[in-house]
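Trainee: Could you walk me through this structure, feature by feature? I would like to learn how to read each one.

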Amino acid sequence: GKLTGLKRLMLGNNALVTLPYEVGFLTTLEELQVFNNPLEDPPYETISDLPAMMWSCRQKYWALINGPVPVVVARKVGIADEIHEPEPAYQERIGRVVEEAAATGRMELQLQGVTEIPGAVRVSRNPDVWDHLHLAGLKVLKLSMNHFAAPPLFSPSLGNLRVLWLTQCEIRAIHDDVDHLQKLRELILEDNFLTKLPRTFPRLRRLELLNVAKNRLYELPENLGNLTSLTKLDLAMNNLEHLPLSITQLRMLEDLSVASNHLYKLPELTSLENLTSLNLDANGVHILPPRLGQLPLRSLRASHNRLERLGADTLLGRAEATLEHLGVASNNLLELPSCIPACTALRCVQVEYNP
C-alpha cells in the first residue's frame, strides 16, 4: 500500500498461490502480470479485469481486519419489487402500522413486501401458538400484491374481520383456521395458487362476496351451499370440472361467474331466484341448465362452449323483461330459439362464430 506510484507489477514465473490483499490499494497500478503461477486467490481468470480484481482484494483485506461484512436482510417493496427496505426499518414501520390499525380497525399494506399477516405474537411457551392480540378490533385487512412465504395465519383475535383482501399474494393453501373469521363478509383470494379450499370454509356463513378467481382449484367443498349469505361468487379461471349440487342453495346469489374452467354440465339453477348475472364463458358446456328464463337475469354469457341448441323455452319467464345481454358466440349453434323476440330488454346479442 506504500507503493503509491507503482504502475507495473511483474510477478510472472513464480510459485504464487495467493496475492497479498494489499495489492488492492495500489491505486496507480496499470498493469499486473502473474503468468506461470498456480494462483488460486484471486482466481487467475479474474486478473484481466484489474479494477474488479483490486476491488475484490480490498474487500477481503477489510474482512480480515474488521471481520466479515454484516449481512443486511431487505424486503422487496413496490410494483416491480424495485425498492429494497432494510429489515430493521421494515419491522419498525410495520410496528407503527399495527399500532395504527389497533386504533382505527383498518390495515392496508398492499405492495409492501409483507410475507405474513403482521402483528402475530407468541402467546404461550409452545412455539407454534401465535395470536394477533393487538388486532382484536380489526375489521378491514387489505394485503394484496405481497409475497406470502406460508399459508396465512388466521388467529382467533382476527374474528372481528369484515373485509379481507389477499389478491396476488402467492398463497398456496388456506388452513382450517379460516373458520375463526366468522364475521367475514368480503373475501378476495384472486390470483393465487390455491388448489382447494379447506373443509371448514363453508362455516363462513356471513360471507357475502367471495372471489377465488385465477387460482388452480380443481374442486369445491360439497357443502359450499352453506354460505347462504353470498350475493357474489367468482370462480373464474380455475380447473373446475363440476360444481357441487349444494350451490343451488345460494338463494341470495346475484352474480355467479364460472368462466374459463372445464365444466361440461351444470346443475339446475332455478332456485337462485335473485341471480341477475351468469357467466359460463370458455367451458365445455353442451347444454344450458333448464328454465334459466325463470331467473331475473340481466346478463347471460355462454360463449366459447360446445352448445348445440338452445331450447325454445330457455329464456321464457322473468328474463323476458330483464335480459339485456346474451352471449353465445363461438359455439355449435345452428339457430337461435324462438323466444328471443320476447326478450324486450335485450340490447346486445353475441352470436358470431357459430355454424
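Trainee: Does Asn36 count as buried or exposed, and at what relative accessibility?

Mentor: Buried means under 20% relative accessible area, exposed over 50%, and partly exposed in between, with a 1.4 Å probe and protein chains only. Asn36 has 54% relative accessibility, so Asn36 counts as exposed. Before we go on, two notes on the source. Residues are numbered from 1 along each chain as its sequence is written. This is a predicted model, in which local features need pLDDT of at least 70, side-chain atom pairs count only at pLDDT 80 or more, totals for chains, interfaces and linings use all residues, and side-chain values use heavy atoms, with hydrogens and water left out.

Trainee: Where is Asn36 placed, and what is its phi near?

Mentor: Most residues other than glycine have a negative phi, and most peptide bonds are trans. Asn36 has a positive phi, near 60°, and sits in the loop between strand 2 and helix 1. Helices (H or I, at least four residues) and strands (E, at least two) are DSSP runs, numbered from the N terminus. Pro42 is found in that loop as well, between strand 2 (31-33) and helix 1 (50-66). The peptide bond from Asp41 to Pro42 is cis, with omega near -5°.

Trainee: What is phi of Met145 near?

Mentor: Met145 has a phi near 60°, a positive value in a residue other than glycine. Its place is the loop between strand 8 (140-142) and strand 9 (163-165). With a relative accessible area of 35%, Met145 is partly exposed.

Trainee: Let us step back to the whole chain. How many helices and strands does the protein have?

Mentor: There are three helices and 17 strands. The radius of gyration is 32 Å, well over the 20 Å that the globule rule gives for 355 residues, so the protein is more spread out than a compact globule. That radius is taken over C-alpha atoms, and the rule is 2.2 Å times the number of residues to the power 0.38. Along the principal axes, the C-alpha atoms fill a box of roughly 100 × 55 × 30 Å.

Trainee: What share of the residues is buried?

Mentor: Buried residues make up 44% of the 355. The accessible surface comes to about 18700 Å², and 52% of that belongs to carbon and sulfur atoms. Accessible areas come from the Shrake-Rupley method with a 1.4 Å probe; for residues, only the protein chains shown count as cover.

Trainee: How do strand 3 and strand 4 pair?

Mentor: Two strands pair if DSSP finds at least two bridges between them. Strand 3 (residues 74-77) and strand 4 (residues 83-86) pair in the antiparallel sense over four bridges. Arg75 stands opposite Glu85 in strand 4, and Val77 stands opposite Ile83. The hairpin has five residues between the strands, and Gly78 takes a positive phi near 115° there.

Trainee: Which side chains of strand 3 are buried?

Mentor: The side chains alternate along strand 3.

Trainee: Which residues does Gly105 touch beyond its sequence neighbours up to four places away?

Mentor: Contact means heavy atoms within 4.5 Å. Leaving out those neighbours, Gly105 touches Gly137, Leu138, Lys139 and Val140. Gly105 and Leu138 are 33 residues apart along the chain, yet their C-alpha atoms are separated by 4.1 Å. Gly105 is found in the loop between helix 2 (87-104) and strand 5 (106-108), and is buried, with a relative accessible area of 11%.

Trainee: Where is Pro296 found?

Mentor: Pro296 is in the loop between strand 14 (277-279) and strand 15 (299-301). At 11% relative accessibility, Pro296 counts as buried. Not counting residues up to four places away in sequence, its contacts are Glu273, Asn274, Leu275, Thr276, Arg318 and Thr322.
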